Amino acid sequence: MPNTNGKLLRVDGLKTYFSIKRGLLQRTIGHIKAVDGISFDIAPGQTLGLVGESGCGKTTAARTILRLIPATAGEAIFDGTDILQADKQKLKQIRRNVSLIFQDPYSSLNPRMTVGNIVGEALKVHKGITGAELVNKVKMLLEKVGLSAQHINRYPHEFSGGQRQRIGVARALALEPKLVICDEPVSALDVSIQSQILNLLKDLQDEFGLTYLFIAHDLAVVKFFCDTIAVMYMGKIVEKASAKQIYQKPLHPYTKALMAAIPKVDPAQRGVRKAFGGEVPSLLNPPTGCPFNPRCSLAESQCLKNIPELTESSEGHFVACYKAHKKEE
Amino acid sequence: MSDNGDILKVNNLSVSFFTEDGTAKAVQDVSFAIKKGKTFALVGESGCGKSVTALSIMRLIPTPPGEIVNGEIFFGPRDLLTLNKKRMRGIRGNKIAMVFQEPMTSLNPVYTIGDQIIEAIKLHQTKSTEQAWADAVEMLRRVGIPDPQQRVSEYPHQMSGGMRQRVMIAMAISCEPSVLIADEPTTALDVTIQAQILDLLDQLQEQNQMSILLITHDLGIVAERADDVAVMYASRLAEIADAKSLFDDPLHPYTQGLLKSLPRLDFEGKRLHTVPGNVPDPLHFPTGCKFHPRCPLGCDDRRCQTDEPELREVRPGRCVACWYAPGYGR
């Protein structure tokens with residue numbers, strides 16, 4: 001396999017800018033930097049969690065990697081090929097190996113298609129499988145994700161949210177992909193169903209050696225699920241480390257704040273959590289310097305002027321914050 | 001009927017929706033009481049009837065197809081369900097106010113924030129527009145909106161999600177209600193903003209001695225904020241307890257399963273505990289105890305399959321509806 005240092009996916013300096021057009025002539029007057037130079041890689045069989053609040057660019061990053069949105073700069077090397085430069089034929093080949101699980105199991109399944117058609121469509125398009133073989137394959141997939149083979153002729157509305165998400169998982173697995181991008185796969189589900197889907201994804205990973213890019217906003221879910229975690233804020237990765245490192249010793253003030261904001265499921269710890277002020281600034285009008293400085297209690301003069309680079313603080317633990325490094329020294 | 005500091009008392013509430021596909025018994029035989037100045041949380045998954053319970057208290061159930069088929073809701077000495085429309089209007093939004101889940105869709109996009117806040121003030125109080133407008137500015141200041149003087153004449157689209165939820169809260173507290181019903185007030189918000197909104201509710205509760213009925217699916221929020229908790233499953237209450245007892249010693253297998261299946265920051269295992277099966281559909285509830293098909297204790301028990309357990313007090317302050325609960329009596 002022509003691989004880059006044994007990594008299945010290597011994203012380097014990825015940028016996605018949307019231009020802001022104004023006036024009669026629709027002149028471009030500026031850019032929204034939705035994804036602003038992010039880099040990460042995932043080894044086969046591993047899970048990388050991309051975490052952040054709404055609007056931080058995590059979904060845009062995933063869509064750019066799949067070329068559903070054109071990239072402005074950077075590269076995304078999958079299995080030795082740059083997805084962002086691939087021609088039509090190559091792209092089709094890549095898409096066979098990269099699939100997507102969506103957040104909302106209600107809007108991501110076509111209500112007019114049967115479960116069999118939803119799950120089998122990719123098999124028909126990419127592999128030309130038809131007839132009895134297709135039916136068998138789809139039935140097998142349905143059973144793999146915990147549904148019954150008898151469900152094949154039903155429509156999505158006949159299923160509950162959790163079951164629909166299982167259909168989405170079966171669809172994503174149909175082509176035996178190497179990489180599965182999960183975009184908030186459980187955030188629209190009920191609490192008692194979330195753990196079912198998370199366990200299912202884990203089991204499938206063990207069985208098929210899948211690699212996941214897992215996008216989420218819930219740090220507790222991500223901790224359970226991921227090997228490596230990258231925290232995004234306003235289009236940039238502000239901290240990246242193994243799950244263990246990040247939870248034991250978060251370095252960036254934003255990561256700390258995110259973690260502190262999670263309610264503890266224990267009334268005895270009431271009042272421990274500290275709220276932190278401010279909101280995510282508009283991408284139309286970003287602050288100068290470190291994007292986090294308006295909400296940061298540690299910010300000093302250089303944070304207001306310069307944008308900190310993502311640099312290694314201890315082995316494998318990267319952080320983009322002037323103050324975090326200082327403390328280390 | 002208003003005894004020992006209960007400000008709102010719901011007795012045997014049942015609500016049904018008569019649809020083309022059949023009758024959905026959305027709420028069945030629900031009883032609980034909210035204490036003055038305290039937070040009562042109603043927890044449950046989607047479709048369990050928690051929002052319908054809230055809407056019944058506000059008398060906002062769309063009729064038809066919905067109908068409150070049984071029950072009483074005592075607010076002080078009055079049963080809200082027997083009030084005529086005019087008297088109910090005097091209470092709704094005035095003494096009992098509500099904050100909805102979706103700050104994006106609950107505000108009217110064509111009116112300014114100020115116009116929407118003074119609507120409630122002018123309806124319930126005899127104030128001039130100028131006075132009401134000044135009140136609106138004051139309310140926005142109290143919910144922590146910067147530059148309230150200027151923001152009051154802005155439109156909802158000019159604000160972020162967190163700001164809009166603050167506006168919704170400002171609107172709800174503008175008549176100083178004694179009960180605030182908050183229906184998933186932070187579900188649509190990011191975690192850092194969620195924490196801010198919950199702190200704001202705490203602060204307002206302390207200032208106004210207001211009772212809060214907090215409706216949520218998030219047990220983390222319940223653990224942090226609630227004084228008393230009712231767990232709802234498939235149209236009925238499964239368990240009522242004070243927050244500490246509920247988390248230390250859950251009695252109903254559903255509560256136990258939910259608490260165990262949460263991914264927590266301090267969780268180290270490889271697999272999460274799961275509650276098997278799916279949340280039942282209100283049109284096709286199982287017979288007997290509605291939780292029995294998913295229950296580790298009762299799935300093979302004849303009694304659980306046929307007889308529905310009612311909510312009983314098994315020890316002081318602890319009510320549960322499960323044949324297997326200690327002290328329940330079979």
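User: Which is the crossing of H9(A) and H7(B), left-handed or right-handed?

Analyst: This is a predicted model: local features need pLDDT of at least 70, side-chain atom pairs count only at pLDDT 80 or more, and totals for chains, interfaces and linings use all residues. Residues are numbered from 1 along each chain as its sequence is written, while chains are lettered from A and ligands numbered from 1 in the order in which they are written. Helices (H or I, at least four residues) and strands (E, at least two) are DSSP runs, numbered from the N terminus. A crossing is left-handed if the near helix is turned anticlockwise from the far one by less than a right angle, and right-handed if clockwise; that of H9(A) and H7(B) is left-handed.

User: Which word describes how H9(A) lies to H7(B)?

Analyst: Axes are lines fitted to C-alpha atoms, for helices over the stretch in contact, and angles run from 0 to 180 degrees between N-to-C directions. H9(A) and H7(B), residues 191–208 of chain B, pack with axes 8 Å apart and an angle of about 50°. That makes H9(A), relative to H7(B), oblique (under 35 degrees is roughly parallel, over 145 roughly antiparallel, 65 to 115 roughly perpendicular, the rest oblique).

User: Which residues of H7(B) does H9(A) meet?

Analyst: Contact puts the C-beta atoms of two residues, placed from the backbone, within 7 Å. From H9(A) come Ala257(A), Leu258(A) and Ala261(A). In H7(B) they meet Val191(B), Thr192(B), Gln194(B) and Ala195(B).

User: Which element gives the most residues to the side of chain A that touches chain B?

Analyst: The contact takes 34 residues from chain A and 36 residues from chain B. On the side of chain A, the elements giving two or more residues are H5 (161–173), H6 (191–208), H7 (219–225) and H9 (253–261). With 7 residues, the one that gives the most is H6(A).

User: How many nonpolar residues does that side of chain A have?

Analyst: Ala, Val, Leu, Ile, Met, Phe, Trp, Tyr, Cys and Pro count as nonpolar, Asp, Glu, Lys and Arg as charged, and the others, Gly among them, as polar. The side of chain A that touches chain B has 9 polar and 9 charged residues. Its nonpolar residues number 16.

User: How many of the 8 residues of H1(A) are buried?

Analyst: A residue is buried if 20 or more other C-beta atoms lie within 10 Å of its own, exposed if 12 or fewer, and partly exposed in between, with C-beta atoms placed from the backbone. Lys58(A) and Ile65(A) are among the buried residues of H1(A). The rest of the structure largely encloses H1(A), because its buried residues number 7.

User: What is the bridge partner of Tyr233(A) in E10(A)?

Analyst: Strands pair if DSSP finds at least two bridges between them. E9(A) pairs with E10(A) in the antiparallel sense over 6 bridges. The hairpin has 2 residues between the strands, and Met234(A) in the turn has a positive phi of about 50°. Tyr233(A) is partnered by Lys236(A).

User: Which residue stands opposite Arg22(A) in E2(A)?

Analyst: E1(A) and E2(A) pair in the antiparallel sense over 12 bridges. Their hairpin has 4 residues between the strands, with Gly23(A) at a positive phi near 80°. Opposite Arg22(A) stands Arg27(A).
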